[in-house]
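Take a moment to turn the model around before reading on.

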Amino acid sequence: MLVWIGGVRPGILAGLLVLAPAILGLFVFLIRTKWSRKGIVTASGWVLTLSALALFGLGAVRREAIPFTPAGPLGLSWDSVILVLDLALMALFGAIGVFLRKPAITALTLLQLGPILWIEFGPLHSAIGGPAMYVDWLTVIMVMIVSVIGSIVAVYGLPYMKEHEKHAGIADSASKRPRFFLTILVFLGAMNGLVLSDSLLWVFFFWEVTTLCSFLLIGHDGTPEAQANAFRALWMNMVGGVCFAAGMLVLAGVVGTVSIQGIVLAETAEPSGAPALLGFGLLCVAGFTKAAQMPFQSWLLGAMVAPTPVSALLHSSTMVKAGVYLVARLAPAFHNTAVSDVIAVAGGFTFASAALLAIGQSNAKRVLAYSTISNLGLIIACAGLNTPLSMAAAVMLIIFHAISKALLFMAAGVIEHGIWSRDIEDMQGLVSRMPLTTFTMVIGILSMLLPPFGVLIAKLAAIEASVRMPATLILLVAGSTLTVVFWTKWTGRLLTADPSVVFPKIEHLHSMYFVPLLLLTAGAVSFSAMVVPLLTELVAPAVAQYYRTVQTDATTIIQFDNVLGVPWALVFGVLTIAALLPLLYFRAPRTRRVGAYLCGEQVDDAPASTFRTAAEAAAPVTVRGHYFERVVGESLHTRWMTSVSLVALALLFGAAFVPR
Amino acid sequence: MSDLALGAIALVAAPLLGGFLIGLDRRLTARLQNRAGPPLLQPFYDVLKLMGKRPMACNAIQGICASLYLATSILGVLMLVLGQDLLVLLFIVALGAVMLILGGFSVKSPYSQLGSQREVLQMLAYEPLLVFMVVATYLNTGSFSASSILALDRPLLLAMPMFLVTQTLVMAIKMHKSPFDVSASHHAHQELVRGVYTEFSGMQLALIELAHFYELVLLLGFVWFLWHTNWVVGAVLALAAYTTTILIDNVTARMTWRWLVTFTWTWGVGLAVANLAAIYLTLRVPR
């Protein structure tokens, strides 16, 4: 088996990972029956998952990075095919701008077109060349996340979109689901293309495809709000696209290549100073837009108008992860520079401030969105800290955040279709009404902030790595504490049990809801339980491999023995036993169920919280969450936070001129 | 001594010490209020009595939360005496604190809900101070493990004096002492309904009280670390910090949550950051 995998041409796997979902997506679009859609989307999921596993096997067998250029179709080179597709994409963006009367979009398209044409047809053409794709462990990890989690979300989308359209009163004949799943599958293919590509020109093409797909998905429902938010996402990401194109042009001019590996190798061996750093700064701003870092956070907040599978995809495995991936991938090239330091502080700032704003939100999806922005800030901060340990933390966060956030959005979606509300206040007592979904949601939340779960362990690594940079350290400590507040408050609402329900009835879930939720819950727990081997066997080698240009001693670069030395299995065991023993001690027949203490004014002995009010009338107890809007409300803070982050962006370019 | 034996001793000795100190606190507090106060061993009698109560609960979540709170407090003490990573220790103890809050939230009671809301804010108030203290320790020892402190040849207090203050503050907040007791008071006689603890009873409350015994030892251990080079000086520092919290408890009244968070994030964090800055400037931390 392994020998066979070792012989597989990487180009074929790249085809399966990038082109197959797009082609299968076309079939979903063209064959409009319920069964074909279900079958093809599920099949695409399997194709993606198995190809990702095969790529993992290929990496394990070959043991070293694999640069390659897939053979082109019909005797053409992929370079020229991608150029044509790129120009077609630009024409499409231009057309959107012209026909929908959005001059800004047209202008941004032209601004992107300039650098691309300059590189392709101008004097910098010699910068193109060499292998266009590159597979190392970081790529493998990203492809696994995109393909596995992306497929799970796509399958979950099948029943979700059906209920979604039913609720909106859309007839099957007018269903927009074929287009929806086409876009989702193209999106997954583009994400795989993005992480597999080494040529910045290719990365740029896939980058813009994800921009287009997210534009289509956010605007899917067609309401005025959805359209407005879709355009906001489009223009902000196109600003990022302009920065990307400009950065690529600068690097092509300064370093003489558009190959990421070539650039990183050249810049670590012999740094070329300010001009190259300007190029990296531009690419990082592009990463910031995609990763919805402040001041670009508003597009991701607006994106939640889209159906929940879209949010689950944008927030977990695709889109925003492209932004942090780009920054992390390039980080070795600007190792030990002021640019890197500014990135660390900017990321830390987004981490803390998004966590602060999340406290004031009662809309579940908005809390999730702020949490995503916050965690991406943490990943960016790790990339900016730019040490082997912080890089390992970044990769761990990318993995664990993808699992937990996909789980959280999918659970939130199931809850939304159970209670038809996104308000956390309406989720009060959900543990008594939808115990199964609540269980997955609570596991998802706890896995975002507490030990022994992976996100927290990565956060510890981030804090330990940030000690060399006090400003980032303070932001990370503040952000971590604020994070606890909003998650705990939300969990409290979910777990406020209904006193009249002693044995909650387990709700019936569609199998395509149940299986994805179960898979991701199991994933969040089991990956956390295996955090030590995951770090030492997969993440550390990945970091050692892509960071080798800075530091060569592969195995010893990640000094994290203290945390890894903790007997995590024992901790898991003790906590599990401690959680299970009370179920035995407080089992039903022995334990008297009582109502809450109400100063002796409780009605009867009934467990329901009802108390005697004026004239002996019975009134039910109402409790609600508190959101501290007057302290942490968005309207109080967004403006100054935007100003601070704009200053950070300006500093990013200023820092390019600071000598190392 | 093997780790196993050390762990076993800590497992038994910590609650004995913690319970005894809380008994002392109750006596001292009573004297300050012109009362005789309960016997010194009253905290132990309380726990035993609570354990003997017939099981009673509002829901199944409470018991799980109380049990996890105790488990994490025990894990915290064990990790401390076995010289484990201090950051991991802090977050494991934070897991317990979150569980206590969730236990309070799980009951549809106006009192415990309010207590839990405020307990979240108490956490917000003390958590950064603890992390900063661990970071300051790291800057002195070069490691995050508790064992590295013992290997140091000079008392930490010389390099981090402000952390004696912040640590006393943390102890006061964590032990629910006035004026920081916004979510509930440490001693039941100080209020009619006990905030976050209101709905815990019988065995659940016994587990929580036990957890407090362990937690107190853990907090005192952190202060003791400031002067580890001499066993007695360390113990005196720890007891001094503890007595200070008791005195402050008796001469102040509860303040609002707004004041609590503002106070800790300005004065507490300010002192911690100032001390950290001094360490960064004098120790030349390698980049």
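The report below goes from whole chains to single residues.

## The two chains at a glance

Please keep in mind that this is a predicted model. Let us begin with chain A, whose secondary structure comes to 27 helices and five strands. Its C-alpha atoms fill a box of roughly 90 × 60 × 55 Å along the principal axes. A compact globule of 660 residues would have a radius of gyration near 26 Å, and the 25 Å of chain A agrees with that.

Chain B has ten helices and one strand. Followed along the sequence, these elements of chain B give the pattern α-α-β-α-α-α-α-α-α-α-α. The box filled by the C-alpha atoms of chain B is roughly 55 × 45 × 40 Å, again taken along the principal axes. For 287 residues, a compact globule would have a radius of gyration near 19 Å; chain B has 19 Å, in agreement.

## Two domains in chain A

How is chain A divided into domains? The domain assignment gives domain 1, made of 1–239 + 307–321, and domain 2, made of 345–589 + 637–644. Taken over C-alpha atoms, the centres of these two domains of chain A are 27 Å apart.

Where the domains of chain A meet, 24 residues of domain 1 are in contact with 28 residues of domain 2. On the domain 1 side of this contact, α6 (137–167), α13 (308–315) and α14 (320–330) of chain A each supply at least two residues. The largest share of that side comes from α6(A), with 13 residues. By class, the domain 1 side that touches domain 2 of chain A divides into 16 nonpolar, five polar and three charged residues.

## Helix pairs in chain A

Two packed helices are described by the angle between their axes and the distance between the axes. The contact of α6(A) with α7(A) has twelve nonpolar, five polar and two charged residues.

A second pair is formed by helix α8 (residues 200–218) and helix α9 (residues 224–255) of chain A, whose axes come within 8 Å and cross at roughly 170°. Which way do α8(A) and α9(A) run, roughly parallel or roughly antiparallel? The crossing angle makes α8(A) roughly antiparallel to α9(A). Residues of α8(A) in this contact include Phe204(A), Trp207(A) and Phe215(A), and those of α9(A) include Ala230(A), Leu234(A), Phe244(A) and Met248(A). The contact of α8(A) with α9(A) divides into 13 nonpolar, five polar and one charged.

## Where the chains meet

The contact between the chains takes 55 residues from chain B and 49 residues from chain A. On the chain B side, β1 (56–57), α3 (60–81), α4 (86–105), α5 (110–141) and α10 (257–283) each supply at least two residues. Which element of chain B gives the most to the side that touches chain A? That is α5(B), with 14 residues. The side of chain B that touches chain A divides into 37 nonpolar, twelve polar and six charged residues.

Strands link the two chains as well: strand β3 (residues 592–593) of chain A and β1(B) pair in the parallel sense over two bridges. Here Arg592(A) has Met56(B) as its bridge partner in β1(B).

## Backbone details worth a look

Most residues other than glycine have a negative phi, and most peptide bonds are trans. In chain A, the peptide bond from Met294(A) to Pro295(A) is cis, with omega near 5°. Pro295(A) lies in the loop between α11 (274–290) and α12 (298–302) of chain A. In chain B, the peptide bond from Ser178(B) to Pro179(B) is cis, with omega near 0°. Pro179(B) is found in the loop between α7 (162–174) and α8 (202–224) of chain B.

The last stop is Phe628(A), a residue other than glycine with a positive phi, near 50°. Look for Phe628(A) in the loop between β5 (618–620) and α26 (629–632) of chain A.

Note on methods:
Residues numbered from 1 in each chain as written. Chains lettered and ligands numbered in written order. Predicted model: local features only at pLDDT ≥ 70, side-chain atom pairs only at ≥ 80, totals over all residues. Domains from an automatic or database assignment. Contact = placed C-beta atoms within 7 Å. Helix = DSSP H or I, 4+ residues; strand = E, 2+ residues; numbered from the N terminus. Nonpolar A, V, L, I, M, F, W, Y, C, P; charged D, E, K, R; others polar. Pairing = 2+ DSSP bridges. Rg over C-alpha atoms; globule rule 2.2 N^0.38 Å. Axes fitted to C-alpha atoms, helices over the stretch in contact; angles between N-to-C directions. Parallel < 35°, antiparallel > 145°, perpendicular 65-115°, else oblique.
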